[in-house]
Structures are given as C-alpha cells and as structure tokens.
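Please keep the structure in view while working through the points.

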Amino acid sequence: EVVFYTYQPKSREQLRARVTAEKLRSWIDESSQSCELTASDLHLIHPRNQDKLVEWLVKRVVVRNHPIHDGMQLLLQYEAEEERITKLVVKVQAQWRRLKSKRTAKDKALGRYEKIFVREYRTFAYRDLETGERQWSKPKLLGEVSLADPVDEWREEVSCDPETGVATRYFVNHATGQSSWFSEEDAARMVQRRFRQKHESDII
C-alpha cells in the first residue's frame with residue numbers, strides 16, 4: 001500500500017492518508033478509462049515508474065478542513081469524489097422523499113375534500129369529508145391541484161346531532177346546493193300520489 005504523511009510546522013499537526021495496492025490499481029484503471037492518463041502512464045504500478053507514480057499521486061491529494069473535528073484532513077482524490085457522490089445521492093434521496101411526501105399529502109387531500117355549491121351565496125366551497133366543516137378558500141394541502149366541480153346528482157348523507165347523538169338521514173345535491181328529507185324516489189312517489197288524488201277529485 002501507499003501511505004501519505006503531511007506535517008504542518010505551525011500547528012505541529014500530522015495528517016495521514018493511505019491507499020491499498022488493489023484500490024490503487026482500480027483507481028489508475030478508472031483514470032485510464034476517463035482519459036486522465038496517457039499511454040505512458042498506464043504502467044505506473046511498475047517498480048521502475050515509482051517516481052512517476054509518486055508524482056501522479058501527489059497531484060491527487062486533497063487537504064481540507066475536517067468536516068467533524070477541528071483541524072485539517074488529508075484525502076485522496078478518489079475518496080473526495082466518492083464522498084461527493086455519496087452526498088449527491090443522499091441529497092437526491094431526500095428530495096425524492098420530500099416529493100413523495102407531498103404527493104402522498106395531495107392524494108390524501110384529494111380524498112378528504114370535495115367541492116360543493118352553496119346555494120345561498122351562489123358560490124363554491126370546500127367541505128372536509130372527515131369533519132363535515134366547510135371553507136371558502138382552497139385547502140393548502142391541495143397545492144396547485146384543482147378539485148372537479150360536483151356531479152349533478154342526489155345522494156344520501158347522515159347528520160349526527162353532537163348533543164343527542166341522534167343520526168338523521170337526508171339527501172343533498174352538491175352541484176345545485178339543494179337538500180331534502182326525501183330521496184328522488186320518495187319525491188316521485190309523492191308527486192304521483194298527489195297527481196292521482198287531484199285527478200280523482202276532478203272526476204268526482
């Protein structure tokens with residue numbers, strides 16, 4: 001293996017870096033593939049090229065402030081590059097997790113809120129399906145996502161009295177803002193019954 005020592009006279013600090021023969025061969029081979037080496041440099045490991053090897057290595061020594069402890073740190077170029085790539089990977093992973101978290105929050109928001117038409121104010125509002133509360137401004141969780149306008153249909157819902165706990169069934173059309181105690185079928189039967197009663201009275 002190759003070991004580097006540096007000495008700082010003022011602070012009397014000694015720095016040390018080492019690289020194994022196997023890693024050195026791999027490093028030189030990667031450098032040759034990236035065109036960092038010339039044809040004459042490909043045999044740096046050979047004993048007769050020891051001076052060239054030392055010169056090549058000295059050019060690839062990095063001295064920097066230690067990221068954790070006080071003082072300086074001695075690194076070889078490949079170590080600094082590996083550290084840079086690791087930090088980049090961690091940064092990309094963190095960005096991906098944040099993006100995934102935002103998408104998950106938006107997906108939950110899409111399933112939690114619905115757009116409804118408030119008839120008395122002639123405008124749309126957002127209703128929280130979990131709490132039943134409504135708000136005029138778009139929930140922040142939705143971000144830039146826009147909810148579709150409500151479908152023009154009647155549906156059954158249940159209202160629970162917080163004091164008595166009694167649940168009451170009713171019907172609502174969130175596209176028009178209308179509500180009723182009767183379903184469409186019930187309303188149709190009532191209309192038909194009244195029509196028959198009026199028709200019978202006219203005959204009599």
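1. The model is predicted, and local features need pLDDT of at least 70, side-chain atom pairs count only at pLDDT 80 or more, while totals for chains, interfaces and linings use all residues. Residues are numbered from 1 along each chain as its sequence is written, and side-chain values use heavy atoms, with hydrogens and water left out.

2. Helices (H or I, at least four residues) and strands (E, at least two) are DSSP runs, numbered from the N terminus. Two strands pair if DSSP finds at least two bridges between them. Strand β3 (residues 61-65) is joined to β4 by five bridges, and the two run antiparallel. Asn65 stands opposite Met72 of β4. Six residues lie between the strands of this hairpin, where Gly71 takes a positive phi near 110°.

3. Burial is judged by relative accessible area: buried means under 20%, exposed over 50%, and partly exposed in between (1.4 Å probe, protein chains only). In strand β4 (residues 72-76), four of the five residues are buried, so the strand is largely enclosed by the rest of the structure.

4. Helix α2 (residues 50-58) has Leu53, Trp56 and Leu57 buried. They cover an arc of only 95° around the axis, which puts them on the same side of α2; the arc is that of the directions from the helix axis to the C-beta atoms. An α-helix has 3.6 residues a turn, so residues three or four places apart point the same way.

5. Two bridges join strand β6 (residues 123-128) to β7, and Arg127 has Arg134 in β7 as its bridge partner. Axes are lines fitted to C-alpha atoms, for helices over the stretch in contact (heavy atoms within 4.5 Å), and angles run from 0 to 180 degrees between N-to-C directions.

6. Another open sheet of three strands has the order β8-β9-β10, again with antiparallel pairing. Here β8 and β10 stand at the edges with a single partner strand each, so one side of each is left without a neighbour in the sheet. The twist averages 40° from one strand to the next. Three bridges join β9 to β10, and Val172 stands opposite Ser179 in β10.

7. Which residues lie nearest the centre of the largest pocket? They are Ile116, Arg127, Arg134, Tyr170 and His174, out of 16 lining residues. At least two lining residues come from each of β5, β8 (155-160), β9 (167-173) and β10 (178-180), and β5 supplies the largest share, three residues.

8. Arg122 lies in the loop between β5 and β6. This residue has a positive phi of about 55° although it is not a glycine, and it is exposed, with a relative accessible area of 62%. Most residues other than glycine have a negative phi.

9. Val191 belongs to helix α4 (residues 184-203) and is exposed, with a relative accessible area of 57%. Val191 and Pro162 are 29 residues apart in sequence and 34 Å apart in space, C-alpha to C-alpha.

Terms used. 1 Å grid on protein atoms, 1.4 Å probe; cavity = no way out; pocket = protein on both sides within 12 Å on 5 of 7 lines; lining within 4 Å.
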